[in-house]
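Here is a short briefing to read alongside the structure. We will start with the ligand and finish with a pair of helices.

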Amino acid sequence: MPLGITCRYARGPMPYLFETEEHAAVRASARRFAQTYIAPHGAQWEEDEEFPIELYRTACGAGVMGFGYPEALGGQGGDLGHVLVASEEMVLAGRSVGTIVGLGSHGIALPPIVRFGTADQQRQFVTPCLREGKIAALAITEPGGGSDVAALTTRAERDGDHYVVTGAKTFITSGTRADFVTTAVRTGGPGHGGVSLLVIEKGTPGFTVGKKLKKTGWWASDTAELHFDACRVPIGNRIGPENGAFPMIMMNFASERLMLATQCVAIAELAYRESIAYARERHAFGKALTGFQVTRHKLADMASRIAAARALTGESVTRVLRGEMAAGLASMAKNVATDTCSFVCDQAVQIHGGYGYMRETLVERLYRDARLYPIGGGTREIMNEVIAKVEGY
Ligand SMILES: Cc1cc2nc3c(=O)[nH]c(=O)nc-3n(C[C@H](O)[C@H](O)[C@H](O)COP(=O)(O)OP(=O)(O)OC[C@H]3O[C@@H](n4cnc5c(N)ncnc54)[C@H](O)[C@@H]3O)c2cc1C
């Protein structure tokens, strides 16, 4: 075993240091689900730009929708750490990033309702997603801008016991199929002090879904524009206090960023593993690609960057779970993991040569999927703004 790679490759991904036996059980159940229900079809679903809607219900039945949610609401219990390791296993075993992010859109839409919603709202919106396969989406971004959340313009005016919502959202994951959308609206004056969160249900008059958007990667997940034209939403669908949503949205972003960092580490790991397997099989100039030092060093660089991204992501998660303020560290983790993912997927395509450029090859798809991560959930530049603020300059 000249490289030590054989050994690690055979062992599978390195668990995060915060993991316990409980996390191992979560991994096992997420892996079983992904191997059984996603891996055999994922490549086709990516080409079809859609996975079957029944998968939500199947995932509920398998118990994999509920990680990190209270048992009283239909979840499996656990915390952010359990959510993240489940997501990693789903990427590794399912091999279809688009399916996993589509299936997981509740992971950004439900937490504000769990944290700040009333018991009635939780029963009405959270439990049906975890038990019956209802679909939830989160809508913050607008056609006019996503980074400057405090400047959002979708307006919600009070009219009796309703809000009348007018405006548009875009790039919304699961937007075409969502049963309800946790939506950021402006109920007050300009700036972050005038933002509220409303749950807007499918079928509410005035709420329409625009076109399904075609994109670079994440093909199996649907991404949509949403339109609100004098859409009447009951006041009872407001999550938390009027004009008090900005801190809730920021808190939600903090977990989302760690989730995205974990996905980047997982995608990079998958691309790395594919590359090792290919480099061992493919021959050039009379020997396997692993026989060239340049290939081995490429793989070693990939492994090193994955280990660094995993370490930083794991440390951020650990600090968040300890209750520390880790916004700066989480933003660093997202940027480092994003860069790792882009680098590793690019190297993976290179190792695969011409096949790396072909649609039939997994690393070709991962390379496209990777491009989202420096943009979604807060761009690389916005992460740097957060880091600069936390660092004090
Ligand atoms: C596939 C996909 C899925 C998505 N899913 C969702 C979803 O489910 N829900 C949702 O609400 N949104 C979603 N988004 C939207 C995503 O979060 C936004 O695209 C992202 O926040 C950036 O917003 P923007 O696209 O409007 O870019 P802009 O805000 O217009 O930014 C454009 C460029 O300017 C830079 N920039 C902006 N402000 C600054 C600054 N202060 N300093 C330096 N540079 C700056 C940005 O970094 C970026 O490079 C999704 C996007 C994609 C592509």
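How far is an oxygen atom of the ligand from an N or O atom in the side chain of Ser147? The distance is 2.6 Å. Please keep in mind as you browse that this is a predicted model.

- Ile140 places a backbone N or O atom 2.8 Å from an oxygen atom of the ligand.
- On its own the ligand has 970 Å² of accessible area, and the protein covers 66% of this.

**The shell around the ligand**
- Strand 1 (136-139), strand 3 (162-173) and helix 14 (380-391) are the elements that each give two or more residues to this shell.
- Strand 3 contributes the most, with three residues.
- In total, 17 residues surround the ligand, and the closest are Thr141, Gly146, Ser147, Thr379 and Glu381.
- Sorted by class, the shell holds nine nonpolar, seven polar and one charged residues.

**A helix pair**
- Helix 5 (residues 80-94) and helix 10 (residues 245-281) have axes that come within 9 Å and cross at roughly 30°.
- Angles under 35 degrees count as roughly parallel, so helix 5 and helix 10 are roughly parallel to each other.
- The crossing of helix 5 past helix 10 is right-handed.

Notes:
Residues are numbered from 1 along each chain as its sequence is written. This is a predicted model: local features need pLDDT of at least 70, side-chain atom pairs count only at pLDDT 80 or more; totals for chains, interfaces and linings use all residues. Side-chain values use heavy atoms; hydrogens and water are left out. A residue is near a molecule or strand if one of its heavy atoms lies within 4 Å of it. A polar contact is a pair of N or O atoms within 3.5 Å; within protein, one must be able to donate a hydrogen and the other to accept it, and residues adjacent in sequence count only if both atoms are side-chain atoms. Accessible areas come from the Shrake-Rupley method with a 1.4 Å probe; for residues, only the protein chains shown count as cover. Helices (H or I, at least four residues) and strands (E, at least two) are DSSP runs, numbered from the N terminus. Ala, Val, Leu, Ile, Met, Phe, Trp, Tyr, Cys and Pro count as nonpolar, Asp, Glu, Lys and Arg as charged, and the others, Gly among them, as polar. Axes are lines fitted to C-alpha atoms, for helices over the stretch in contact, and angles run from 0 to 180 degrees between N-to-C directions. Angles under 35 degrees count as roughly parallel, over 145 as roughly antiparallel, 65 to 115 as roughly perpendicular and the rest as oblique. A crossing is left-handed if the near helix is turned anticlockwise from the far one by less than a right angle, and right-handed if clockwise.
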